[in-house]
Amino acid sequence: MLGFFIFNTLIKTRFSNKQFKRYLCTNYFLMKCGIVGLPNVGKSTLFNCLSNAKAQSANYPFCTIEPNVGTVSVPDQRLFELEKLVKPERVLPAVVEIVDIAGLVKGASKGEGLGNQFLANIRECEAIIHVLRCFENDNITHVEGTVDPLRDKDIIDIELQLKDLEAVTKAVDKAKKLTKSGKRDDVLAYETLVKLSEFIESGRNAREFPADDFQTGIISEIQLLTNKPVLYVCNVDENSVKNGNPWIEKIEAMAKSENAETIVLAAQIEADINELETFEERQIFLEELGLEEPGVNRLIRTAYTLLDLQTYFTAGVKEVRAWTIGKGWTAPQAAGVIHTDFEKGFIRAEVIKYNDYIQYGTEAKIKEAGKLGVEGKEYIVQDGDIMHFRFNV
């Protein structure tokens, strides 16, 4: 499989860091997950484990004021299997951007604490990782005085709902004026927003609102905070990682009712794993705890799925690389993630399924077996496809 023209090294030597960051933003498909929760529930500790950044972590509210941002590699065993076969000079994983957002408190929707900043930061994220404290520790102060993750969850939900109500109320007023046109779509839009306002006012999140495609389009225009997909992270102690605890069961039941995902991990254990120097040391530590892999690996993969993302690969002697795209993207759209010229001048894509690549081992044998597909502009890229794009500029 022929490699692709990858410009990172050349670009970085010619541009300043700021210019290089801007180049990345225009040539790579990055989406943000925001880590949220009350103060002192373990957000920054978890962020440090995810990104290896050193966000300040301390035992008092508002330790995190400016959001910390980290670009996190997505663990994918398929990359290592491809590396064994291709033996490239380098391997580059897919990435997701993780944002550690300041802790929220009651009254945030009215600007209490760092509320305005919190809400602005979360609005910029495509999905939410909601950390809930599910452990007792007298040495770590809880801003509400006691440990109750369901109450903590409700506190944040209420603040987000209150902010969303402000936005929906404005949208209702605007939509009502448009109904004077008598157009059916304008009337349906107004009725949808009225029902949504009542739904949120009843204490429900916008993402739970039953909506058809038309209604979904109307709601998405408002960019509501509670309409973002959410992953609940139960931050537990070491014992609960192995044996669970009553809080976990309650949170899982709550998440199921919202059609949301739940992950259980111990942020402090993840921090300890992160401090170990070698892979072997980490594996020994995990085995002693009865774990197959760090919890953050599962979290990253789940967050990647939460963002409705998937991966395709390019494989050549120069590099094996995972590229991030949205589910349902066409071949030209996928090509554009590498470079806009690939999309503009797209001719066709040569596609090998991952399992076929592993089975046959080389491009020559794959062709002999008739497993090399040639796809046009309408092809919908599948997770794990290994692709080579033909283009003409």
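1. Leaving aside its neighbours within four places in sequence, which residues is Leu-50 in contact with? Going through the predicted model, I get Ile-35, Val-72, Ile-98, Val-296, Leu-299 and Ile-300.

2. That list is a handy way into the core. The largest nonpolar core has 69 residues, and Leu-50 and Ile-98 are the ones with the most contacts inside it. Helix H13, residues 295–306, supplies the largest share of this core, at six residues. Val-296, Leu-299 and Ile-300 are among the contacts of Leu-50. As a bit of background, nonpolar side chains tend to be buried together in soluble globular proteins.

3. Now for H3, residues 43–51. How many of the residues in H3 are buried? Nine of its nine, so to speak a mostly covered helix.

4. H3 has a packing partner in H11, residues 267–275: the two axes are 9 Å apart, at an angle of about 35 degrees. The crossing of H3 past H11 is left-handed. On the H3 side the contact uses Thr-45, Leu-46, Asn-48 and Cys-49, while H11 brings Ala-267, Gln-268, Glu-270, Ala-271 and Asn-274. Sorted by class, that contact comes out as four nonpolar, four polar and one charged residues.

5. Asn-274 turns up again in the surroundings of Arg-282: setting aside neighbours within four places in sequence, Arg-282 touches Ile-273, Asn-274 and Leu-276. Arg-282 itself sits in helix H12, residues 279–289. Is Arg-282 buried, partly exposed or exposed? Its relative accessibility is 29%, so Arg-282 counts as partly exposed; buried would need a value under 20%. Have a look at Glu-293 too: its C-alpha atom is 9.0 Å from that of Arg-282, with the two residues 11 apart along the chain.

6. Last, the H6 and H7 pair. Helix H6 covers residues 149–178 and helix H7 residues 184–201; their axes come within 9 Å and cross at roughly 155 degrees. The two helices are therefore roughly antiparallel to each other, with the cut-off for that label being over 145 degrees. H6 passes H7 in a left-handed crossing.

7. Who meets whom in that pair? From H6 the residues include Leu-165, Val-168, Ala-171 and Val-172, and from H7 they include Tyr-190, Leu-193, Val-194 and Ile-200. By class, the H6 contact with H7 has 11 nonpolar, two polar and four charged residues. Among the charged ones are Asp-164 and Lys-176 in H6, and Asp-186 and Glu-201 in H7.

Definitions and conventions: Residues are numbered from 1 along each chain as its sequence is written. This is a predicted model: local features need pLDDT of at least 70, side-chain atom pairs count only at pLDDT 80 or more; totals for chains, interfaces and linings use all residues. Side-chain values use heavy atoms; hydrogens and water are left out. Axes are lines fitted to C-alpha atoms, for helices over the stretch in contact, and angles run from 0 to 180 degrees between N-to-C directions. Helices (H or I, at least four residues) and strands (E, at least two) are DSSP runs, numbered from the N terminus. Angles under 35 degrees count as roughly parallel, over 145 as roughly antiparallel, 65 to 115 as roughly perpendicular and the rest as oblique. A crossing is left-handed if the near helix is turned anticlockwise from the far one by less than a right angle, and right-handed if clockwise. Contact means heavy atoms within 4.5 Å. A nonpolar core is a set of buried Ala, Val, Leu, Ile, Met, Phe, Trp, Tyr and Cys residues joined through side-chain atoms within 4.5 Å. Buried means under 20% relative accessible area, exposed over 50%, partly exposed in between (1.4 Å probe, protein chains only).
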